[in-house]
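Student: Please walk me closely through one part of this model. I would like to understand the metal site and what surrounds it.

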Amino acid sequence: MTRVGLGFDLHSLAAGRPLVLGGVTVESDRGLAGHSDADVLSHAVGEALLGALALGDLGRHFPDTDARYRGISSLTLLRHVVELVTARGGRLLNVDATVLAQAPRLAPLLPEMAKRLADVLGLEIDRVSVKAKSPEGLGLLGRQEGMAAMAVVSVEVTG
Ligand code: MG
C-alpha cells in the first residue's frame with residue numbers, strides 16, 4: 001500500500017537566531033525562533049512523514065517542554081522520525097516541499113537543502129524536491145514576521 005502525508009509548519013523570525021533550513025545555515029541577520037533549531041522545512045517534512053502513517057505530529061514525539069530537544073538539530077529529529085516509520089514497515093518513496101519566505105533569496109541554496117534532507121531520509125537526490133516561493137510581500141510572511149513550509153511525502157507500507 002502507498003500512503004501520503006501532508007506537513008505544514010510556521011515559525012516566527014527573531015534577531016540573534018541562526019536561520020537553518022533543511023539543515024543548511026543560511027546567511028541572515030535574523031533566524032527562526034523555536035525550541036529546537038526551528039528548521040521549518042525539516043519540520044514540515046517530519047510532520048508529513050508522521051502523517052503518512054497517522055503517528056501524530058512532531059510536538060507529540062518531541063515535546064518542546066523536554067530539555068533534551070533544546071537547540072537540537074531538526075535533522076536529528078527527522079532521523080528519529082524515519083526510524084519510527086521504518087519500524088512500522090514504511091519506506092519513504094519521495095518528498096516534495098516548498099518553503100515560503102520573503103527573504104533572503106533561497107533559490108541558490110535549494111540543491112544543498114535537498115541533498116541534506118536526502119541524506120537523512122535515505123533517498124536518492126532525484127526523489128527529494130525542495131522549492132521556494134515568495135509570499136509577494138503579503139501578510140505575515142510578506143512582512144518577514146516568519147517563514148512557513150509545507151511538504152508532501154509518499155510512503156510504501158508493507159506487512
Ligand atoms: Mg516547527
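Tutor: Start with a pair. Both Asp 9 and His 11 are buried (under 20% relative accessible area with a 1.4 Å probe, protein chains only; exposed is over 50%, partly exposed in between). The model is predicted: local features need pLDDT of at least 70, side-chain atom pairs count only at pLDDT 80 or more, and totals for chains, interfaces and linings use all residues. Residues are numbered from 1 along each chain, and side-chain values use heavy atoms, without hydrogens or water.

The magnesium ion has three protein donors: Asp 9 (OD), His 11 (NE2) and His 43 (ND1). Donors are N, O and S atoms within 2.8 Å of the metal (3.2 Å for Na, K and Ca), and sites may look incomplete as water is absent. Along the sequence, the spacing of the donor residues reads D-x1-H-x31-H.

His 43 is among the buried residues of α1. Helices are DSSP runs (H or I, at least four residues), strands likewise (E, at least two). In α1, 12 of the 13 residues are buried, so the helix is largely enclosed by the rest of the structure. Other buried residues of α1 include Val 40, Ser 42, Glu 47 and Ala 52. From first C-alpha to last, α1 reaches 18 Å, close to the 18 Å expected (1.5 Å times one less than its number of residues). Just after α1, Ala 54 takes a positive phi of about 55 degrees.

Now the space around these residues. The largest pocket has a volume of about 280 Å³. His 11 and His 43 are among the lining residues closest to its centre, with Ser 36, Leu 58 and Phe 62. A pocket is an open set of 1 Å grid points, with a 1.4 Å probe and protein on both sides within 12 Å along at least five of seven lines; lining residues have an atom within 4 Å of a point. β1 (2-15), α1 (40-52) and α2 (58-61) each supply at least two lining residues.

Notes:
Grid points are joined across faces, edges and corners, and a volume is the space filled by probe spheres set on the points.
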